[in-house]
Each structure stands twice: as C-alpha cells, then as structure tokens.
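Good morning. Please have the structure open.

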Amino acid sequence: MKHLLKADKIKLKRSSLPIIILLVPFLILAYELVNLTYRGDFVEKQAEMFQADSMWTYLLYDNSLLFGLGFPLAATLAASIIANVEHQANGWKQTLSLPISRVRVYLSKFSWLFISLFFSTTIFMLGMFLLGNMLGFEGRTPWKYLIGDSYSMLVVILPIMSVQFWLSMTVKNQAFSILIGAVSSMMGLFLAAAQTTRWFPLAYPSQASTVILQYEGLGYNQDLSAYLVISFCLGIILLVLGSIQFAKREVK
Amino acid sequence: MNDQIIVTDNLTKKFKKNISVDGINMSIERGQIYGFLGPNGAGKTTTIRMLLGLIKPTKGNIKIFNQNLNKNRIQILQRIGSLVESPTYYGNLTGRENLEAVRRLRNIPEKRVHEVLEIVRLTKVANRLTKEYSLGMKQRLGIASALLSEPDLLILDEPTNGLDPSGIQEIRELIKQLPESGMSVLVSSHLLSEIDQMATEVGIINNGKMIFQDSIDRLRHKRKPILKVGVSDGRESHSILKGKGISSQWKNDYLWLEETKPEFVSEINATLVQSGISVYRLEEVTKSLEDIFLELTGTEGSL
C-alpha cells in the first residue's frame, strides 16, 4: 500500500489539485476579511443581536454556510482531478494489469482525496485563527471550536466524497460527476432549511458548524455529534460498496 | 517440466449479443515469439485483455505459468509486462517520472529505469513532459514500462503502431533478442509482414475464431511454388494431362499444376506440344504470405 500511495503521489505532480485545495479556504477567508472590515459596524450590531459571546463565535457561525456550500464543491473537483489523471493517461489498462489488487488501487486514490481535503480544512482552520488575531478579536482563541468546525466538515463530507469519487473513477466524462456534485451541494443548502429534510446527509455540510443560530441566539450545535456518527458510518459503507463495484468492473 | 506459458481452453467473450472471441485454444511455449495475427476487429485486443485479467471471459479457462488466472491473478501479473493498444502516458509527468510511477508500484530498483530508457532510446528526452512526445516516443515509453520489471512473459498489443520504419525495425530487433534471456513474447499485429519478420509461432484469428496456429515455417510451407501454364486450349490440355495421370486446374485462363521441378515442367511441355497444343507460357508462381493470409481469413474480414 505504501508503494501504491507513493506512485499515486507522483502521478498528481503538476496537476491542478493544489489550486482546488487552496481555493475554497482562501475565498471564504477573503470574504470574511472584507465582511469584518468594510462592514465592521454592521457586523458588530448583528453579533450583538445574535447574542454572540465573542466575535470568534460570530465568525464561526457566519462562515458555516459558505463553507458548507464550497467544501462539497472542492471535494467534487478534487475527486475529479485525482480520477481524471488516470482517465486522461489512458492509464486504467496499464495500472490494473500491474500486480496489485484493484481494491487497493481504489483506496490509494481515495486516500489522496482525503489527504488533500484534510490539508484544505487545516488551512481553513489556521486561516480563521490568523484572521481573528489580525483583527484583534477579544477573548482567548476558542481552539476547541475552531478544530471542531474544520474537522467536523471533513467527517460530514465523507458520504459525498465516497459517491463523487466513485462517479469520477467509473464515468470517464468528468462533466457528469462535476454536474452531480455541483447540483447536490446546492441542494444541500435547501435541504438544510426544512426541519425534516435537514437530516438528509446532503444537508449536513452547511449545518456542520460547532456554532448555530438558535431561538435564544448563537449557541452550541447539539445535533453535530449525530451528524458526525451518521456521516462516518454512511461514508465508510459507500466507500466499501464503491471499491467492490470498481474491482468487478470490466476495463475498457 | 511443462514449458507451456499460456494455455487457453475454449476462451470465449460475448459483448451483449456479439461474440468477439469464440472458443480460442491458444498455446504458447517458453522462449517463443508468438505472433498473434488478424485483421482489425478480429478479437486480438479482447483476447489480450482477457489474458491480463482486465475483462472476464464469458466462457473458458486461462492458464498462465501453469496457474489459473482466475485464482492467482496477482502472482501471474507479477511476471508479466504488457502494452495494450494506444500507449499509456501521464502527460503532466516527464518520461522518467512516468516510469518512476510504475517503478514505485512494482518496487523495482531505481537503476532499472535508466536501463529501459536506454533500451528504447529515450534517455535524451527523459526529462521532457510526455504530453510533448510524438506518438512514436509515447509508444516506446509504453514498451519501456512493459520491460521495466524484466518479465518472464511480455504481452505487446500492436507495439509498432505509429512508429516510423526505423523505429519499427528497432523494436523488431529488440523483440527478437528477448527470448535469449528466457523471455516469452506474445505480440499482436494486423500486418503479416511484421509478424513474418520476428515471430517463431503464429496464431491467426479472424471473426473471433482461431483459424491457424502453428510454427511460422508451417505457414511458409503453404507458399510452395506452383506452375502456371499458358496454353491455347485449356479444356483439351486438362483432359490430355488427366489421361497421363497428372492433375491440373483450369483457373483464370491458365492451367495450374502443383509441381515445379525442371524435368516435370519439360515433360508437361513436351506432352502438350506433341498433342498439338501451343504452349506460350511456363511460369513458376510463388504465393505471397499476403495471399495465404487472405485465403485463410477470406476477403470480407480485411477492411
């Protein structure tokens, strides 16, 4: 497996994967920077209205919707880039006629998808920390919430990762998987708006923040642990099903 | 010791209703260069994909190195190098990095990359991105990655596609050397002349069926020369010769006989002339391999 991971690493050299990894955190952080400086007065009033205990809490709440829309898109594109390396190279017939099990080939590439997205959320977390300090947010840095916000997303996105990855690996035309990914991340926003449909896994990314708006103002997200458990189990199941299907496919 | 490298038993592949490969019994022995010949769409690539476990046969068995491909796929692939159809190349990587990716996967010593680059003469362009390579260079890169693991069995599907004449010759010389180190080679092509110049064994496939499988010498034997005789009256000559117990054929305005020995030819000539028939041509005709190929495959299959 170690050899496989190394081989897949070299195949990703000079690809546009790093851009995708950086794009979503940078765009959101840039938006927040503008939001917190040019609209500073308005934002402070709103934070008061929402009874935010500090600007950190407000920031965590405010970016959750954008992150919830943007991160599934990043996962879609990253999965597509990783799979497309092989499609574009005409590489399946070569890679799959080497002495390695197909399930491993699948899991190795999935590992790189996970690692890329791990970097993406880590950059997002560090970016929030820098932004807060740069703008002189009061109070101690709430590391627990910053970590929670970033890495919950990584877990909550697992089912979407598994499905998008499988689509990109098995359907050569990447326009197809990217369309599905784009539509489903937007659907997630709408599903999250209603009381019942918000339990649908597509809706989790936009609700995966540690801080949400409740009747009494901003507070801790009570449902997060349920989202995490459901997403983790579902994601693993979908990944296993995808890898089994991939191993049985005929290579054209 | 059994020296059979590949044995297939009634190998069949159906795609929906189309039978692409129909009951092929292939047999390749150690040290052979097996030329797998057939017109476009005859089922060569489908057969090779089945041999590599890329697709599953509808029916039949494959044994490679005396092991069942179905059960021991990974052990078998460990000893195979392959190049299937259009070459694989990761355009965002250099030639060397392309081989490095395969090298890492197979866990082969690093110096081997050097060696294979040297063998296919890509050392000079090894540090250029492969998307800038010409088709011939990509093809050679594919051959290099097939050779990387020093396999016991090399499977090359149309390896000379897209190469220029000197490139074709190079690859041919390269393939011819391989059995010296105990390697067996399966090479497919739709060009008979190519197979003729390197193979020791030939299998000809047409419409999914194996129509000939034997040594190349046997195939050449089929091109035994025949005698073409131009006479004024074909029917008459035919019956005269028949009376003498010599069988002949009247076809395309000429009389055709099986033998070409000088004594035989002059005897025929004398017999016919003495019977009052004028003979205006006596010619020895050798069938080209192309003729034999077309004869075997039938013209509908080719193009």
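Look at A:Glu250. A:Glu250 is partly exposed, with a relative accessible area of 27%. Buried here means under 20% relative accessible area, exposed means over 50%, and partly exposed is in between, with a 1.4 Å probe and protein chains only.

Before going on, some ground rules. This is a predicted model, where local features need pLDDT of at least 70 and side-chain atom pairs count only at pLDDT 80 or more, while totals for chains, interfaces and linings use all residues. Residues are numbered from 1 along each chain as its sequence is written, chains are lettered from A and ligands numbered from 1 in the order in which they are written, and side-chain values use heavy atoms, leaving out hydrogens and water.

What does A:Glu250 form a salt bridge with? The partner is B:Lys13, and the closest N and O atoms are 3.1 Å apart. A salt bridge is a side-chain nitrogen of Lys or Arg within 4 Å of a carboxyl oxygen of Asp or Glu. Helices (H or I, at least four residues) and strands (E, at least two) are DSSP runs, numbered from the N terminus. B:Lys13 is buried, at a relative accessible area of 6%.

Now the interface as a whole. In contact, meaning heavy atoms within 4.5 Å, are 33 residues of chain B and 29 residues of chain A. The two chains bury about 2800 Å² between them, 54% of it on carbon and sulfur atoms. Buried area is the accessible area (1.4 Å probe) that two parts lose on being put together, summed over both. The rule finds three salt bridges across this interface. Over all chains, the structure holds 24 salt bridges.

Which parts of chain B each supply at least two residues of the side that touches chain A? They are strand S1 (4–15), helix H2 (73–78) and helix H3 (95–106). H3(B) gives the most, with seven residues.

Next, two salt bridges within chain B. B:Asp152 and B:Arg79 meet at 2.8 Å, N to O. B:Asp152 lies in the loop between H5 and S8 and B:Arg79 in the loop between H2 and S7, so the pair ties together parts that are 73 residues apart in sequence. B:Asp152 is partly exposed at 30% relative accessibility, and B:Arg79 is partly exposed at 33%.

The second pair is B:Arg121 and B:Glu170, with the closest N and O atoms 2.6 Å apart. B:Arg121 lies in the loop between H4 and H5 of chain B and B:Glu170 in helix H6 of chain B, so this pair ties together parts that are 49 residues apart in sequence. B:Arg121 counts as exposed at 54% relative accessibility, whereas B:Glu170 is partly exposed at 27%.

Helix H5 (residues 135–147) of chain B is mostly covered: twelve of its 13 residues are buried. Those buried residues pack against several elements, including helix H6 (92–95) of chain A and helix H4 (111–119) of chain B.

Last, chain A. A:Asn35 sits in helix H2 (residues 17–38) of chain A and is buried at 2% relative accessibility. Not counting residues up to four places away in sequence, A:Asn35 touches A:Gly40, A:Val43 and A:Asp62. Elsewhere in chain A, a network of salt bridges links A:Asp8, A:Lys11, A:Glu86 and A:Lys109.
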